[in-house]
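Let's take a walk through this model together, one selection at a time. Please have your viewer open and a selection tool at hand.

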Amino acid sequence: MITIQAIALEDAAPGMILADALQDETGQMLLPKGSELTESVLRSLGRRGIETLSILIPEAVDESALIARREAARQRLQHLFRQAVDPTSQGLLRVMLEYREEHPQ
Amino acid sequence: MKPLQTAQVIAAVHHLPSLPAVVVELLESVDREDVNAEALADKIALDQALAARALKVANSPFYGLQSKVATIQDATVILGLRQVRSLVTAAAVTGAFSFSSASWFDPRRFWQHCVGVALCARALAAEVGLSEDGAFTAGLLHDIGRLVLVTCFPEEYRQVALYRKKHDCYPLTAERDILGLDHATVGKALAERWRFAPAIQEAVALHHAPDEVTGDSLAGIVHVADVMAHALDLCPRDDELVPALSSVAWNRLGITWPRFKELLVEVEDQFEDVCAALNI
């Protein structure tokens, strides 16, 4: 998941990626969409009076949150099937556990 | 608590308001092919409240129509008679039971589960080549007996709910232990009274006993659909229980597990849109 965020020039750092093409107030293209910011680019944008930038923010993948969510889904399914202990129902439970791994709720 | 007598329940069923005549006709003809679409559409259109509710469903995002349909006749042409039949039935039956007064009973949750089962039943029926429309309606109505019990015997049914909580048992067990009969028996009485098509009557009566039916029965489909909807946890509650899956009913369908998982995706995708369309 990637989100787009508008940030002030002073908060921009080298390595960030532009979400949109950047133009000055006369409409002249300064940088195309997808450009990576560098120290020198940031200095030159400051000189040209740019105040805000729209950049791409990749969402951090939080491994531990992911594991916790899977564990919660597994426990919920085992709770739901607590009375359905016959072999056919337990076969379905195994399928539902796989399904929830692939399709979190 | 004194067990309920079957005669008492039948008398209560007879005191329930009757369904609009056109809905009775729809439920009677659900598994018949020889229905005159135009005549039926004209009859639905005569019941203005029902027609308005059905058109709202037809124009909901679920059907994704390019332009809005303004009349039932148009809806029949664009969506087809089968679709209109099941959406009018859904609009009618979810509206018909708005008179339940027990404060602890949540009719929205009840209908949401029924819609979940209806969608599962339709997906399963499509796989095995049974009537999708009939399966949808049977799924929607499968627990109708529970609604009769809550409506006509609210105090008795509250005892069922308390017993179920205390013993963490299936609602069916709690009903039998407290009332001496269950929602399938009561549903059967209502299904006969309201003259549902025989296949729907059977599904209402036997969705908890699918081993008793033979061959391509909607009762078997609805049984598996009920288990499927509970396993998907579509209406989560703390004391939720997945019913035991009958190996007979499951094996009869002959659906593989990988294909079954694809059906789960399909149902999860549709569920919220259909509930929103039916305003439940």
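Start by selecting Q112(B), which sits in helix α7 (residues 107-128) of chain B; helices here are DSSP runs of H or I with at least four residues, numbered from the N terminus. Bear in mind that this is a predicted model, where local features need pLDDT of at least 70, side-chain atom pairs count only at pLDDT 80 or more, and totals for chains, interfaces and linings use all residues. Residues are numbered from 1 along each chain as its sequence is written, chains are lettered from A and ligands numbered from 1 in the order in which they are written, and side-chain values use heavy atoms, with hydrogens and water left out.

Now show what surrounds Q112(B). Setting aside neighbours within four places in sequence, Q112(B) is in contact with C235(B), F271(B), C275(B) and I280(B), contact meaning heavy atoms within 4.5 Å.

Next, select α1 (residues 6-15) and α12 (residues 183-193) of chain B, which pack at an angle of about 40° with their axes 10 Å apart. Axes are lines fitted to C-alpha atoms, for helices over the stretch in contact, and angles run from 0 to 180 degrees between N-to-C directions. That angle makes α1(B) oblique to α12(B); angles under 35 degrees count as roughly parallel, over 145 as roughly antiparallel, 65 to 115 as roughly perpendicular and the rest as oblique. Display the side chains: V9(B), I10(B), V13(B) and H14(B) come from α1(B), and V186(B), A189(B), L190(B) and R193(B) from α12(B).

Move on to α8 (residues 132-141) and α14 (residues 218-231) of chain B, whose axes come within 10 Å and cross at roughly 60°. This pair is oblique as well. Here G134(B), A135(B), A138(B) and G139(B) of α8(B) meet L218(B), I221(B) and V222(B) of α14(B).

Finally, bring chain A into view. How many residues of chain A are in contact with chain B? There are 21, against 25 residues of chain B. Between the chains, the count is five salt bridges, each a side-chain nitrogen of Lys or Arg within 4 Å of a carboxyl oxygen of Asp or Glu. Zoom in on R82(A) and D168(B), which form a salt bridge with the closest N and O atoms 2.6 Å apart. R82(A) lies in the loop between α2 (63-80) and α3 (87-102) of chain A and D168(B) in the loop between α10 (154-167) and α11 (171-179) of chain B, so the pair joins two chains.
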